[in-house]
Amino acid sequence: MHDMRPNLGSRPEFYLIYLLFYGSPWLFRAPTLIDVAVAVIAIGIFIPIHLKVFEKSSAEYVPLIALTALIGYAVTPFWGSPGVFHIYATTQAGFQRPGQRALWIIAILTIVYVGVTFALDRTLIEIGFVVFMGTITGLSCMAGAAQLAESQLAENARALEREEAAIAERARIARDVHDVLGQTLTMVALKADIAARMLGTDPAQTTRELQEIRDAARAALSDVRAAVSDMTATTITAEIERARRFLESGGVSLTVTGDPPPLTPTADTVLGLVLREAVTNVIRHAEATGVTLRFEQTGDTFKIAVQDNGAGLSDDGWVPGAGLSGLSARVDSLKGTASFSRSPGFRVTVDVPLAGVGALQDNQSTEHTP
């Protein structure tokens, strides 16, 4: 089990200090050479077991817990305090999960300890004290294991939240970069084609096209920096002007009907980016000569429709690409819906609740203004 506590008490070496209690009877009666040798061998076997089992919760460590108890039984006939190993065993058992398994192991260890030590003529005071200490420490470790499990669960939940946030942020950056670069690079490609055709016949027009390509590239660079740093800001009004300029540069007219309602800054930015992707889709795929942009407010719903007069697309095997999928994701963030119609021409329709974009509140406050 992963330990969440960065302190001395989380180190298994710290708890080896309790081994000193094994030799506490030696203060009252000197041990023999055999007693000392047995103690050294027993402790030498115990230490690696302790370091391996410390705060482990898996059932695979139960045999090592039993071995710790057996070490205590083995040294019981010699002069020392073998109950220390029973207390260590119950401590190890307390960290077993689930808690019911830990409780059963502690109970079995206690019963066996009482039987073995009573048979070997240990005093009742010693037996009672060891049983008491072993039970208390075992139950305390059970509580500590439960707390560690809860801490680990909470840490795992936080790690999952951080991972989900990172995934969402990557998706946002991908959408922003696509929206920012898609339209600009499409326009650059069109203007590069125009410049190439006019290179030998109209140098002045070629120069103008190249200058516009340069300006668009600089603007795109600025937009990418803003997108990556989460500062992408646009509005529907700005995107209408941008769309008109880009469409006309490709020989496509734009007709706008209706007006957008008052929007919150967030909704204005999101719907502006939605409009940008819809127009980019026209420039890239439609082969159209005209585009109609319509704003409509019906009841509690605000609608944006972008329709081109191109050839449209076949329904066979068609699936929205990354751009239109990103568009749908942005609309979903406003609790709205996006739909696509592929013939005649290509049509993008966006419906969002007015309450979700702030327009309903603005209208209501205007109606109640004296």
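The structure is a predicted model, in which local features need pLDDT of at least 70 and side-chain atom pairs count only at pLDDT 80 or more, whereas totals for chains, interfaces and linings use all residues. Residues are numbered from 1 along each chain as its sequence is written, and side-chain values use heavy atoms, with hydrogens and water left out.

The protein chain contains eleven helices and five strands, where helices (H or I, at least four residues) and strands (E, at least two) are DSSP runs numbered from the N terminus. Of the 370 residues in the protein chain, 40% are buried; buried denotes under 20% relative accessible area, exposed over 50%, and partly exposed the range in between (1.4 Å probe, protein chains only). Among contacts (heavy atoms within 4.5 Å) between residues at least 6 apart in sequence, 71% join residues at least 24 apart.

The five strands form an open sheet of mixed pairing, with the order β1-β2-β3-β5-β4; two strands pair if DSSP finds at least two bridges between them. From one strand to the next, the twist averages 10°. Axes are lines fitted to C-alpha atoms, for helices over the stretch in contact, and angles run from 0 to 180 degrees between N-to-C directions. Strand β4 pairs with β5 (residues 347-353) in the antiparallel sense over five bridges, and Thr349 in β5 is the bridge partner of Ser339. Helix α7 (residues 236-249) packs on the sheet and touches β1, β2 (290-298) and β3 (301-308). The direction of α7 makes about 155° with that of β1.

Helix packing is illustrated by α2 and α3. The axes of these two helices come within 8 Å and cross at roughly 170°. Helices α2 and α3 are therefore roughly antiparallel to each other, given that angles under 35 degrees count as roughly parallel, over 145 as roughly antiparallel, 65 to 115 as roughly perpendicular and the rest as oblique. On the α2 side, the contact is made by Leu64, Ile65, Thr68, Ala69, Ile71, Gly72 and Val75, and on the α3 side by Phe85, Tyr88, Ala89, Gln92 and Ala93. By class, this contact comprises nine nonpolar, three polar and no charged residues; Ala, Val, Leu, Ile, Met, Phe, Trp, Tyr, Cys and Pro count as nonpolar, Asp, Glu, Lys and Arg as charged, and the others, Gly among them, as polar.

The loop between α2 and α3 contains Ser81. Ser81 is buried, with a relative accessible area of 16%. Apart from neighbours within four places in sequence, Ser81 is in contact with Phe21, Tyr22, Ser24 and Pro25.

Val36, in helix α1, has a relative accessible area of 31% and is partly exposed. With residues up to four places away in sequence not counted, Val36 touches Trp26 and Pro31. The C-alpha atoms of Val36 and Phe78 are separated by 9.2 Å, although these residues are 42 residues apart along the chain. Arg214 lies in helix α6 (residues 203-228) and is likewise partly exposed, at a relative accessible area of 40%. Between the C-alpha atoms of Arg214 and Val188, 26 residues apart along the chain, the separation is 8.8 Å.

A cis peptide bond, with omega of about 5°, joins Arg97 and Pro98; Pro98 is placed in the loop between α3 (83-94) and α4 (99-119). Glu55, which is not a glycine, has a positive phi of about 55° and is found in the loop between α1 (33-53) and α2 (62-75). Glu55 is buried, at a relative accessible area of 6%. Lys335, also not a glycine, has a positive phi of about 65° and is located in the loop between α9 (322-333) and β4 (337-341). At 69% relative accessibility, Lys335 is exposed.
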